[in-house]
Amino acid sequence: MNILVCVKQVADTEARILLTSDKKSIEIENKYNMNFFDEFAVEEAIRTKGKVKDCQISVCTYGSNKATEVLRTAIAMGADKAYLLDNNGYDIEDPIITAKILASFAKTEGFDLIFCGRQAIDDENANIGAMMAEFLNIPHVSAILKFDVVDEKKARVESEIEGGKEIQEVQLPALFTTQKGINEPRVPLITGVMKAMKAQINIIDPATLKDLSKGMIDESASKISVLTYETPSARPTVKIIDGETPEQKVKALIDILKDEAKAL
Amino acid sequence: MDFKLTEEQEFFRKTIIDTIDKIVVPKSQEIDEKDEFPWETWKEFTSLGYLGLRYPEEIGGMNADKIMSMIFYEEIARGSVGFAQSVIMNILMGTYFIYRFGNDAIKERCLLPAMRGEKIATMCFTEDQSGSDLGATRTTAVKDGDGWRINGTKMWITNGPICNFCTVLATTDPSKGLKGLNFFLVEKGTPGFSSGQIIHKLGCRGTVTGELVFDDVWVPDENFLGDELGKGVYYVGDILDEVRLMTGAMALGIAKGAYKEALEFSKKRIAFGQPIGNYQLIREKIADIDTSMNAARLMINYGAWLLENGMDCRVTAAEAKMYATEVCLKVVDELTRIYGANAFAYEYIPQRYFRDARFLLYGGGTHEVLKDFIGRMIIGKI
Amino acid sequence: MSKEIFVFVECKDGSIRKVSYELLSKAKEISQKSSSIVYAVIIGSNQDVLANQLKDFADKVLIVDNEKLSKYRWDTFLSVMEQIIKKYKPYVMFGPSTTTGKDIFPRLAARLNGAIISDAVDVVFDENTLKIKKPLFGGKIISWMKCKDDSTFFVTFRPNSFIVENRSLNGELIKENIDVSEDSRIVSISTEKRETKKVDLQEADFIICGGRGMKGPEHFQDLEEIADIMGGRVGASRAVVDSKWRDYDDQVGKSGKTVSPKLYVGCGVSGALHHTMGMDTSKVIVAINKDPNALIFQYADYGIIDDVFNVLPALKEELKKIKKEI
């Protein structure tokens, strides 16, 4: 069984993020991590590998050279092969293009099972998984909480749906996006870390992939564009509610919430 | 000249930071408060294989270069210096002589389990009247049949009360001073070998430190760790630079944790209507901390580079240990000033850094001894 | 070029979700400026009653009624939406950034080779263009984006982004007869409803959130009672969820749910970044914490510096009184 895991390198939640003076682009402090939800995807792939015969895990990312770091992390955890779909340092805004590139790579290599994180924590789009599945014409299930391979052609999954959970059986190949709660991502063993340090990262120019050309994936192909960036307006300083006792403070708070904030 | 970490080293650094953040940092306050050996954290962390950091891959190690080792020492000390001490004892001093001189059976019995975290190692230098002054060592080893009979008491032994085996420094000929010193392996369960008083420390809590007593302990010849008698002091020299750099790296680790705390606090604490980070006196402190930490890190990396390339780094290692530790003391002090009175309260972190930092003054040589050494090395015989 | 604005109406437990009314209200406001009309698209089975409720909010209500649509599946819903969009060629389609919206809209956009902006919080019609406001990096940066004109355009918005306004439009009901195709590769085995009639966390107007300062799971009962009084929900910080005091469903923050209630009350919440990134778009934020330096006070509008366990009983009593007054 061939498993593909798509991961994204994202800015650490504590990284400083600044606007350029023309407000047309952003600068991110050099602190990056594997996307939070992608760790579950990698872990689930590794657990699946432990349960089925002849299984290989490939991990890929569309990003800059810097993103090889998250590929190595995936290898340290237990993935077998890593592919960087090199964006040459240019971040494309349009998720459709990213999904096309990833899908095209998946098509080229051929996979039975694809895992993605539920969403990236930088743009919070939750787009790529379902889009890739569409381009590959395979079924998808979003936000899965349990995963089992029934046989080589079928998986059984529990997923989050509005107001509850659903159990479904899905014919493979299929794509699944992982939700927090599905597993506890492992901390890599030192043997994994050493393997990852030496691992060869396959670097691929997306334009050379099946059914793709430069014109289909460059800026001109993007269907959306950023007009401007801005920093959120700062909240006014907190008003600390005074009072002798907790009861007094609460009374004062309620009054303010009613009269000033109109929140009650 | 190249100041950049290689891609591999950078990846290692990132991985070890994440690992420490996940496993050690959440436990650091608890480890300090309980002041008991954190067995659970020990099992969880050592199961990952880091105790083999310095040893060859063939025996399950990682064969890390010295730069990576320093990164490791720094990061684990950032997590919890009490925990770091126990871990590093197994990685470095506690197993160094076993790896270098132990026969296959000893390696199988002691080194490999210690690399897996199943056995706890230690090394015993210090006595009541001797620390940096090794020549004053009073513990004796006397030839007795096919082995040696050891008598004496060791103090301030990291992991001592819980160790499975120890490398003990003893004199085989008190008349020869430093040249009478030799190392012996003593394993738990050997008649006459016991642990005595446990020392309750101001900082570095969680690691168990105490006394080890050798009362007519007999060990076989194979437990003599060395090529020939009287070379012990030279072997100490072979590991001393790494120990000093390691201590400096640990100091940097504490400083790094304290610096992060100070920086965050200066951004969030509001005084007179604005974050205190807007005030010049706070900015000065941050600037000083950053400058001195960068200088200390450069010294440690330089020392590690010398060591890695087999060059003389005796002076550099001593300087780096001393400087990094002084920087650390300064940083934890500034943290308590930036943080205000809450730094004095047990429920906040700064007091722990403040206490922990003090211990690094002693390991790897007191600064008084180091300064004298550095001065002597530079001036030479006049 | 047509200028119709379509809104995908999401239903849950036999009623229309509030977010759908929010989107329709905003769509109508835009349509008045762009001289276009608003279509509500309701997909399901036997939802005549619901469709009638939409009349006040849309110029036209497209109803797709089919037994196969009684339960949401992306494959069936997608086949319907695809045909509707191909038939009407709207300028833009709005949808909710909910579990369902996040599941279907990306795939729909991909199928129709359209443009999509997800998880937006505002939209304005300006210079003949729809400008979409979308927070990035957990709200550290706001971006304004637009779609290139010739694409079918999809936008999903976070719940609670807009105010519901009933304009009594008395829109026209149109039944669409559309074949529903199902993807046989997916078979539903069972579904399990959470036993709760409570409002969805993301849609709640009132959220009272507990942090590590709540000391243990048993103390969340107080928060539950207050949430019940207010018809809101209890949220939890990551530390609380990681300690297994509360379910992940309750987690507010970067790795949990992004919420923007009218009133958020944080109890013993320190205000770590991953938490504040999920709630700092709340309209009014109140923080209760005994640590005056807690980061949460930087995000709060109002703060009480006191032991949360002393404050909660008083808060419960006062809120009870208020609810009686109303």
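Reader: How far apart do the C-alpha centres of domain 2 of chain B and domain 3 of chain B lie?

Author: This is a predicted model, where local features need pLDDT of at least 70, side-chain atom pairs count only at pLDDT 80 or more, and totals for chains, interfaces and linings use all residues. Residues are numbered from 1 along each chain as its sequence is written, while chains are lettered from A and ligands numbered from 1 in the order in which they are written. Chain B is divided into domain 1 (7-116), domain 2 (122-230) and domain 3 (233-379), with bounds from an automatic or database domain assignment. Between the C-alpha centres of domain 2 of chain B and domain 3 of chain B, the distance is 30 Å.

Reader: What radius of gyration does chain B have?

Author: The radius is taken over C-alpha atoms, and the globule rule is 2.2 Å times the number of residues to the power 0.38. For 382 residues, a compact globule would come out near 21 Å, so chain B agrees with its 21 Å.

Reader: How far apart are the end C-alpha atoms of helix 10 of chain B?

Author: Helices (H or I, at least four residues) and strands (E, at least two) are DSSP runs, numbered from the N terminus. The expected span is 1.5 Å times one less than the number of residues. Helix 10 of chain B has 26 residues (314-339) and should therefore span 38 Å; this agrees with its end-to-end distance of 37 Å.

Reader: Which residue just after helix 10 of chain B takes a positive phi?

Author: Look just past the end of helix 10 of chain B. There, a phi of about 75 degrees is taken by Gly340(B).

Reader: Which strand of chain C pairs with strand 11 of chain A?

Author: Strands pair if DSSP finds at least two bridges between them. Within chain A, 8 bridges join strand 11 (residues 164-171) to strand 10 (residues 154-161), and the two run antiparallel. Glu166(A) stands opposite Thr191(C). Over 7 bridges, also antiparallel, the partner from chain C is strand 13 (residues 186-193).
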